[in-house]
Amino acid sequence: MKKIFSTIAIFALSASIYAQSSWKADPAHSNVAFTVVHTGISDVSGIFKKFDLSLSSNSKDLSDAKINFSIDVNSIDTFVEARNNHLKSADFFDAQQYGEMVFNSTSIKKLKDNTFALKGNLTMHGVTKPVSMTMVYRGDLVNPETKEVTKGLQVFGTLKKSDWGIGSKFPQSLISDEVRIKADFEIKK
């Protein structure tokens, strides 16, 4: 009888440790950045100030995570107001009509250690396309004051703006078609 109770207790403890957890990005310690090449000679970078990331997972290393991510296009900031306004216009994002970008993961595959191939569908500028990015799970820690667990993620990759019909009036010699993406997140339950 003792053995049965011990087995049940171990199973219950294991189930609670690996129960599905829901996580949200901490906006004060997260960022979403992008970089394009301007006139073939310099990088121009920017950020999106408003975004939301939610993640659910059953595993400690997030290898089975389901990720939903959205960006407020109107929060774009390249540190030049005139350029921000141009990027929000119909020449690029057409933020008045397409004010949100949305990513929903479809799979995560472990490549090595804490590095994963993250695949999903990205909807931007009224177009949905499959994308593949690299996700690095950077570990976790327990905040000594709040006792909350915080996990770190980094996602990066390259997209082609032409796949979503963004900036098609501007030749690649002026603005690169390839856009490098790098996002860092601290997530909490």
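Is Lys188 buried, partly exposed or exposed, and what is its relative accessibility? Lys188 counts as partly exposed, at 23% relative accessibility. Here buried stands for under 20% relative accessible area, exposed for over 50%, and partly exposed for values in between, with a 1.4 Å probe and protein chains only.

The model is predicted, so local features need pLDDT of at least 70 and side-chain atom pairs count only at pLDDT 80 or more, while totals for chains, interfaces and linings use all residues. Residues are numbered from 1 along each chain as its sequence is written, and side-chain values use heavy atoms, with hydrogens and water left out.

**View A. Glu148 and Lys188 form a salt bridge.** A salt bridge is a side-chain nitrogen of Lys or Arg within 4 Å of a carboxyl oxygen of Asp or Glu. In this pair the closest N and O atoms are 3.9 Å apart. Glu148 sits in the loop between E9 and strand E10 (149-160), and Lys188 in strand E11 (residues 178-188), so distant parts of the chain, 40 residues apart, are linked. Strands (E, at least two residues) are DSSP runs, numbered from the N terminus. Glu148 is partly exposed, at 33% relative accessible area. Asp26 joins Glu148 and Lys188 in a network of salt bridges.

**View B. Asp140 and Lys60 form a salt bridge.** The closest N and O atoms of this pair are 2.9 Å apart. Asp140 belongs to strand E9 (residues 127-142), and Lys60 to the loop between strand E4 (51-57) and strand E5 (66-72); the two are 80 residues apart. Asp140 is partly exposed, with 34% relative accessibility, whereas Lys60 is exposed, with a relative accessible area of 53%.

**View C. Asp61 and Lys110 meet in a salt bridge.** The distance from N to O is 3.3 Å. Because Asp61 lies in the loop between E4 and E5 and Lys110 in strand E7 (residues 100-112), the pair ties together parts that are 49 residues apart in sequence. Asp61 is buried, at 18% relative accessible area, and Lys110 is partly exposed, at 44%. The whole structure holds eleven salt bridges.

**View D. Phe93 is one of the residues with the most contacts inside the largest nonpolar core.** A nonpolar core is a set of buried Ala, Val, Leu, Ile, Met, Phe, Trp, Tyr and Cys residues joined through side-chain atoms within 4.5 Å. The largest one has 43 residues, and Leu55 and Phe185 are also among those with the most contacts inside it. Not counting residues up to four places away in sequence, Phe93 touches several residues, including Phe48, Leu87, Tyr98 and Ile166. Contact means heavy atoms within 4.5 Å.

Definitions and conventions
Helix = DSSP H or I, 4+ residues; strand = E, 2+ residues; numbered from the N terminus.
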